[in-house]
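Have the picture ready as you read.

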Amino acid sequence: MLELVIGSKRWSSWSMRPWLALKRTGAAFEERLIPLYQADGATRAQILPHSPSGRVPALKTGRIVIPESLAICEYLAEAFPDARLWPEDPDLRALGRGAASEMHAGFRALRLECPMDLARPVEAVALSDEAQADIARVQALWSDLLARSGGPFLLGDWSNADAYFTPVATRFRTYAVEVGRPELAAYMDRLLTWPDFLEWEAAGRLET
């Protein structure tokens, strides 16, 4: 039995990504949720028995522990090929992996100025030039991949790339970020009405 160790659904964008991918596989798994931002180091103390990095998410396979979100998504793509978490087309697959890696390692200003909070009321905030540049780059990535694949998701069918950008879509919604092109707004709507995301969001909104 797989066990996925995650942080609070309201805030943990890193946990959401492999959770969505794992749901897509249809595999049975246990979920262990550890509340974030507990006082006196309690969060890290509760995570460490499950994740050697002291961070979430972590996937426990019964043989190994994978304590990193992108590595989990890659593991799931290999372990469950029928889920098609990456497309068969090698060019699209490479571009999708590049987009997920860019999201994984970059967009620092957007992360800091627009943290994921699924229970926060929708309200625009003043953003730095750096955050605005991050937003423009995200939308350029979306536009390019949708044009190449023909949609409806970034690589055609729903994939790990969409798992990686779903938390970004929540940020755009929460902070009233303008998405100028209709096809990008439609893509964002598809992410935010995806049944697995709605399940995650409903649980996150109940957290205190």
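How many aromatic pairs does the structure hold? There are seven aromatic pairs. Rings of Phe, Tyr and Trp (its six-membered ring) pair if their centres lie within 6.5 Å; planes under 30 degrees apart count as stacked, over 60 as edge-to-face and the rest as tilted.

A word on the ground rules. This is a predicted model, where local features need pLDDT of at least 70, side-chain atom pairs count only at pLDDT 80 or more, and totals for chains, interfaces and linings use all residues. Residues are numbered from 1 along each chain as its sequence is written, and side-chain values use heavy atoms, with hydrogens and water left out.

Begin with Trp19 and Trp200. Their ring centres are 5.2 Å apart and their planes meet at 65°, so this pair is edge-to-face. Trp19 lies in helix 1 (residues 13-25) and Trp200 in helix 9 (residues 195-206), so the pair ties together parts that are 181 residues apart in sequence. Helices here are DSSP runs (H or I, at least four residues), numbered from the N terminus. Both Trp19 and Trp200 are buried; buried means under 20% relative accessible area, exposed over 50%, and partly exposed in between (1.4 Å probe, protein chains only).

Now find Trp142 and Phe172, a tilted pair with 5.6 Å from centre to centre and 55° between the planes. The pair links distant parts of the chain, with Trp142 in helix 6 (residues 129-149) and Phe172 in helix 7 (residues 160-174), 30 residues apart. Trp142 is buried, at a relative accessible area of 0%, and Phe172 is buried too, at 1%. Ring pairs also join Trp142, Phe165, Phe172 and Tyr187 into a cluster.

Let's stay with helix 7 for a moment. Of its 15 residues, 14 are buried, leaving helix 7 mostly covered. Where does helix 7 bend? The bend comes at Thr166 and is about 30°, with a proline, Pro167, following within four residues. Here a bend is the angle between axes fitted to the seven residues ending at a residue and the seven starting there. After helix 7 comes Ala176, whose phi is positive, near 50°.

Our last stop is Glu74, in helix 3 (residues 69-79). The side chain of Glu74 makes a polar contact with the side chain of Arg97 at 3.0 Å. A polar contact is a pair of N or O atoms within 3.5 Å; within protein, one must be able to donate a hydrogen and the other to accept it, and residues adjacent in sequence count only if both atoms are side-chain atoms.

Notes. Helix = DSSP H or I, 4+ residues; strand = E, 2+ residues; numbered from the N terminus.
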